[in-house]
Amino acid sequence: MSESSDCLFCKIIAGEIPSSKVYEDESTYAFKDINPKAKVHVLIVPKKHYANAAELAAADPAELAHIVSIAQQIANESFHGAYRLVFNTGLDAGQTVFHVHAHVLTGEKLDE
Ligand code: 5GP
Ligand code: ZN
């Protein structure tokens with residue numbers, strides 16, 4: 001999957017749209033969700049464009065594992081390592097941005 005010029009998160013990764021950065025390395029970017037659903041709500045994205053978690057898993061499983069380890073790191077720093085990791089996949093599951101992103105919800109005790 002090549003970079004998509006119409007993709008909101010590709011624009012955020014490129015710095016064309018501002019975001020509140022939480023973490024960055026060569027392959028991965030993490031930033032605060034604009035509409036937080038928990039005290040700490042971070043989105044973690046691969047810099048390469050993939051539409052969803054299945055595409056990422058098939059193309060680059062190491063990057064998917066890396067995203068999980070970054071989620072753990074964020075939770076270690078903000079809520080003793082406890083967190084919820086969500087990949088909405090498909091319109092009918094609430095996916096609105098078709099550049100794979102992990103929602104990390106942490107920073108407080110979450111509803112069950
Ligand atoms: P989805 O519904 O696709 O799983 O998640 C998309 C997420 O992106 C939503 O939680 C939404 O609040 C967030 N979002 C949408 N537009 C922006 C934006 O321009 N900046 C940031 N930081 N988050 C955004
Ligand atoms: Zn993209």
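Over residues 8-112 of this predicted model, the chain is 30% helix and 23% strand.

Let's turn to the strands. Five of them form an open sheet in the order E1-E2-E3-E5-E4, with antiparallel pairing. Strands E1 and E4 stand at the edges with a single partner strand each, so one side of each has no neighbour in the sheet. From one strand to the next, the twist averages 20 degrees. As background, strands of a sheet pair through backbone hydrogen bonds, in either a parallel or an antiparallel way.

Here is where to look for each strand:

| Strand | Residues |
|---|---|
| E1 | 21-24 |
| E2 | 28-32 |
| E3 | 40-46 |
| E4 | 84-86 |
| E5 | 102-106 |

Which residue in E2 is the bridge partner of Tyr23? The partner is Ala30.

Helix H3, residues 61-78, lies across E1, E2, E3, E4 and E5. Its direction is at about 20 degrees to E5.

Finally, find the ligand. How many residues surround ligand 1? There are 14, and the closest are Ile34, Asn35, Asn88, Thr96 and Val97. By type, the shell around ligand 1 divides into six nonpolar, six polar and two charged residues.

Key:
Residues numbered from 1 in each chain as written. Chains lettered and ligands numbered in written order. Predicted model: local features only at pLDDT ≥ 70, side-chain atom pairs only at ≥ 80, totals over all residues. Near = placed C-beta within 6 Å. Nonpolar A, V, L, I, M, F, W, Y, C, P; charged D, E, K, R; others polar. Helix = DSSP H or I, 4+ residues; strand = E, 2+ residues; numbered from the N terminus. Pairing = 2+ DSSP bridges. Axes fitted to C-alpha atoms, helices over the stretch in contact; angles between N-to-C directions. Contact = placed C-beta atoms within 7 Å.
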